[in-house]
Amino acid sequence: MRSVTLASLLVSALMLQQTGRPRARDLGIAPGALTPGPLNAITDVADVRVGQVTLIEGDSVRTGVTAILPHGGNLFQNKVAGAVFVGNAFGKLAGSTQVQELGTIETPIVLTNTLSVGTAVDAVVRWTTTQAGNENVRSVNALVGETNDGTLNDIRGQHVTRDHVVAAINGARTGTVDEGAVGAGTGTVAFGWKGGIGTSSRTVRQGASSNETWTVGVLVQTNYGGKLVINGVPVWKALTPQRGQPGAGVAANADRSRRSPDLSRRSAEGAKAEGAEADGSCMIVVATDAPLDAKNLQRLAARAIFALARTGSTYSNGSGDFAIAFSTHPSQRVTSATGPQTRTVLPTESVSNLFEAVLDATEEAVDNSLLKATDITAGGRTIRAIPIDALQALLKQYGR
């Protein structure tokens, strides 16, 4: 197994202390051979900012907002190169058609729940037009994605407001990113377990003789299903989500797995339950400081979608699987200039390492979204976080 950097261990220790649940690397889960950035987060890409608002109210509101800002300046006046890749379009990604047409992103990227997309678009437009320098702006392409958190959240109540979205944007910061049942991941479910927000990163050195190092960072909102695989281990064969009152089923399931995770005797009931969890969605945001144009950013986004297969995604009919990718490289910025501009563009022959980086980072981000999540109860129903002890026992059985 590849060694984990001291900086990554320190960051993981800090986040473990904050939530009591581990990240993937705390359990020795480190997909691929590349090294993560210092934070192992999308914010390892310089100046990328993340803000989140978590809504937990009463017995039925379990939702929120996650905002990703490609840089801290005026995004409309300094647009970043961007692209979208759609794995399965059963979902809503507002603003995607203009991104595909022009290859630029001009607003914060906002993630929320399905029925709050309209509210988020309204908020992003209003926020953008009030920024200094945008007084004469008459067209804004707000980029808003979603997953449906209706299993745990009173989604029909449309509890996300414009103020919540603006608060997430204004609160966006560099540094560590909260994961699990936070922000847009508050009410999400993945593989029958509690899903949520997860993030990871990788660094890539360009050529043996080059001193240039690029970073790829990924953030996911997991709300999809299939047959869960972690670190190459078919978790779905041994660990089946159990629902009910808090604490009732997790301990029994975890204890059973610790005693004898016999993968050959998975029950028919467990198989049926797992199949029922296939629908859902996953939103992926990919950031890089590499000088990629829109075409290669689309190819990078595609690899993020491909990475979901490593986690066991079945890309079901009802799963909306979308990836957004952008480059923060200064030469790729689009301003109001009308004359020719000089660009630095990484040639297609040099992007394979970046593809490897996004595959590994996406896989680990999904793992982090599951591992950092906690049990969430709403309306008398509990969606449990994957039991850490049982998972560790299973990984050990496979020599992981």
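Predicted model: local features only at pLDDT ≥ 70, side-chain atom pairs only at ≥ 80, totals over all residues.

Reader: Thanks! Which residue is the bridge partner of glycine 51 in strand 2?
Author: That would be alanine 67.

Reader: And what sheet do those strands sit in, and in what order do the strands come?
Author: The sheet is an open one of five strands, in the order 1-2-6-7-4, and its pairing is mixed. Strand 1 (49-57) and strand 4 (93-94) are the edge strands, each pairing on one side only.

Reader: OK, zooming out. How many helices and strands does the chain have?
Author: The secondary structure comes to nine helices and 15 strands.

Reader: How much of the chain is buried?
Author: Of the 400 residues in the chain, 57% are buried. The accessible surface comes to about 15,300 Å², and carbon and sulfur atoms account for 49% of that.

Reader: How do strand 3 and strand 13 pair?
Author: They pair in the antiparallel sense over eight bridges, with strand 13 covering residues 319-327. Within that pairing, glycine 82 stands opposite phenylalanine 326 of strand 13.

Reader: And how many bridges join strand 3 to strand 5?
Author: Two, and these strands also have a direction to note: strand 3 (residues 80-89) and strand 5 (residues 104-105) run antiparallel. Alanine 81 has threonine 104 in strand 5 as its bridge partner.

Reader: What about the other end, with strand 10 and strand 11?
Author: Strand 10 and strand 11 pair in the antiparallel sense over nine bridges. You can look for arginine 205, whose bridge partner in strand 11 is threonine 213.

Reader: Changing topic: which residues touch the most other members of the largest nonpolar core?
Author: They are Val235, Ile284, Val286, Leu354, Ile386 and Leu391, in a core of 51 residues. The elements giving two or more residues to this core include strand 3, strand 11 (213-223), strand 12 (280-288) and helix 7 (294-307). The largest share comes from helix 8, with nine residues.

Reader: What does isoleucine 386 touch, leaving out residues up to four places away in sequence?
Author: Isoleucine 386 touches several residues, among them Trp193, Leu228, Ile230, Val235 and Leu391.

Reader: Now glutamate 363. Where is it, and is it buried or exposed?
Author: Glutamate 363 is found in helix 8 (residues 352-371). It counts as buried because its relative accessible area is 8%, and the cut-off for buried is under 20%.

Reader: So what does the side chain of glutamate 363 make a polar contact with?
Author: The side chain of arginine 310, through a polar contact of 3.0 Å. Glutamate 363 also touches Pro31, Asn231, Ala307 and Thr311, not counting residues up to four places away in sequence.

Reader: Last topic: how many aromatic pairs are there?
Author: The count comes to two aromatic pairs. In one of them, the rings of phenylalanine 85 and phenylalanine 306 have centres 6.0 Å apart and planes at 80°, so the pair is edge-to-face. Phenylalanine 85 is in strand 3 and phenylalanine 306 in helix 7, so the pair ties together parts that are 221 residues apart in sequence.

Reader: And how do phenylalanine 191 and tyrosine 224 pair?
Author: Phenylalanine 191 and tyrosine 224 are edge-to-face, 4.9 Å centre to centre with 65° between the planes. Phenylalanine 191 is buried at 0% relative accessible area, and tyrosine 224 is buried at 1% relative accessibility.

Terms used
Residues numbered from 1 in each chain as written. Heavy atoms only, no water. Pairing = 2+ DSSP bridges. Helix = DSSP H or I, 4+ residues; strand = E, 2+ residues; numbered from the N terminus. Buried < 20%, exposed > 50% of the residue type's maximum accessible area, 1.4 Å probe, protein only. Polar contact = N/O pair within 3.5 Å; in protein donor to acceptor, adjacent residues only side chain to side chain. Contact = heavy atoms within 4.5 Å. Areas by Shrake-Rupley, 256 points an atom, 1.4 Å probe, with all protein chains shown as cover. Core = buried A, V, L, I, M, F, W, Y, C linked by side-chain atoms within 4.5 Å. Phe/Tyr/Trp six-rings, centres within 6.5 Å; stacked < 30°, edge-to-face > 60°.
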